[in-house]
Amino acid sequence: MENFTFKNNQLFAEAVALTRIAEEFGTPCFVYSRAALEQQYRAYEEALAGCSHLVCYAVKANSNLAVLSVLAKLGSGFDIVSGGELARVIAAGGDPARVIFSGVGKTIEEMHAALDAGIHCFNVESPLELEQLNDVAMQRNVRAPVSIRVNPDVDAKTHPYISTGLKENKFGVSMEDARLLYRQASTMAGLELIGLDCHIGSQLTSIEPFLAALERTLLLIDELAAEGISIRHLDIGGGLGVQYRDETPPAPQELIHAVRQVLGERPLTLVLEPGRSICANAGVLLTHVNNIKTNGEHRFAIVDAAMNDIIRPALYQAWMDVVPVKVNETAAVHTYDLVGPICETGDFIGRQRELAIDNGDLLAVRSAGAYCFAMSSNYNTRNRAVEVLVDGDQVHLARRRETYEDQLALENPLD
Ligand SMILES: *Cc1c(COP(=O)(O)O)cnc(C)c1O
């Protein structure tokens, strides 16, 4: 988080005071740091030096074109989950040949679009999807590059943060089914089997679940090799956690070092799909306190950002750090619930926070670079927030604030 630091009691993004950004662009406003994005991406690249690899940034974490273009300029690949994300990668100057297409519900149209673009690989998650992709490729007289996404059923009791790598989750296919699917796929003329994929969840704060999954996937790769089905790349997914509060997730270097040790000398290209760990701590959300009220004992600070801008607290009971952008030396410290203007009790950004603030103060919600704007909506007909990208002392308008005209333009009242 060293790209968002206090200087003279004021929070900066790189060399730019956040108060200046709020004055110029208004609030709520997402602010991203180019240096922070680059630093996190490079941590992966450096740890992978000397090893055949492809880092595919998971677009869904933050799909703004400015963010994607920063990573595209560094040569990043991209992990997409929709045709829309493919369009974004292309518009941001990303190389389709470095794109991996994940997701349980690809449509036939999306398969065509991805083959048109010449993506690197489809991560296939079911027998029917395998057949559909084979049919689409045959119609086009090409072979679709394929990985099968396995669900390693990593024990949740010992690894409570895993949420997509368990049998009861909708993702991937079981190890048993994967074996059959590989055999089947190896006979299909429209497919080229190139990899094996496994993504076990998000916000993982220890290496053990990754290694448990790795052990199982390598076993399968060896069994397949013995049957003459050879896999060129192993995609270990994304999911590395970040620090929001007091978590102590491993750094990318630690994860990759451990993975490389297990892989040993196997001739496998290592593919990764990090999202959150690249961009979460590369962003903050700026919001003004619009009102302070008390209901009995309870003190509320009503801010101009809401659950439509930042749904993580409401959706995941996520704890997000909230700090005053400028230290308020005259306000008394009180315990506040920080809530938005939306008509839902779940509309809160933080609860029971000790803050020295007055009405009108500017706050920053930290670690808001991932799964915040990307999950935002127009609920309550609120315009989605403006997004800016700071680069040194420069501020780039990454997405202008929506207007009511933008929102109404797509709709037609009955005459
Ligand atoms: C969401 C997702 C990722 C990224 O996960 P993070 O926790 O943001 O790193 C990677 N791969 C797949 C298939 C995903 O669904």
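How much space lies in the largest cavity? Hold that thought for a second. One caution before we go on: what we're looking at is a predicted model.

Okay, the cavities. Searching the whole structure turns up three of them at 30 Å³ or more. The largest cavity holds about 60 Å³ of space. Who's around it? Its lining is made up of Cys198, Ile200, Phe210, Ala213, Leu214, Thr217, Ile236 and Val259. Helix H8, residues 208-226, gives the largest share of that lining, with four residues. By class, you get seven nonpolar residues, one polar and no charged.

Next, the second largest cavity, with a volume of about 40 Å³. Tyr44, Phe210, Ile236, Leu240, Leu255, Leu272 and Pro274 are among the residues lining it, and so are Gly237, Gly238 and Gly239.

Now let's move over to threonine 27. You'll find threonine 27 in the loop between helix H1 (18-25) and strand E4 (29-33). Is this residue buried or exposed? It's buried, because its relative accessible area is 15%, and the cut-off for buried is under 20%.

Its side chain has polar partners too. One is the side chain of histidine 288, at 2.8 Å, and another is the side chain of aspartate 304, at 2.5 Å. Setting aside neighbours within four places in sequence, the contacts of threonine 27 also include Ala22, Leu286, Thr287, Leu362 and Arg401.

That's my tour, happy to go back to any of it.

Methods: Residues are numbered from 1 along each chain as its sequence is written. This is a predicted model: local features need pLDDT of at least 70, side-chain atom pairs count only at pLDDT 80 or more; totals for chains, interfaces and linings use all residues. Side-chain values use heavy atoms; hydrogens and water are left out. Helices (H or I, at least four residues) and strands (E, at least two) are DSSP runs, numbered from the N terminus. Buried means under 20% relative accessible area, exposed over 50%, partly exposed in between (1.4 Å probe, protein chains only). A polar contact is a pair of N or O atoms within 3.5 Å; within protein, one must be able to donate a hydrogen and the other to accept it, and residues adjacent in sequence count only if both atoms are side-chain atoms. Contact means heavy atoms within 4.5 Å. On a 1 Å grid over the protein atoms alone, a cavity is a set of points where a 1.4 Å probe fits but cannot get out, and a pocket is an open set with protein on both sides within 12 Å along at least five of seven lines; lining residues have an atom within 4 Å of a point. Grid points are joined across faces, edges and corners, and a volume is the space filled by probe spheres set on the points. Ala, Val, Leu, Ile, Met, Phe, Trp, Tyr, Cys and Pro count as nonpolar, Asp, Glu, Lys and Arg as charged, and the others, Gly among them, as polar.
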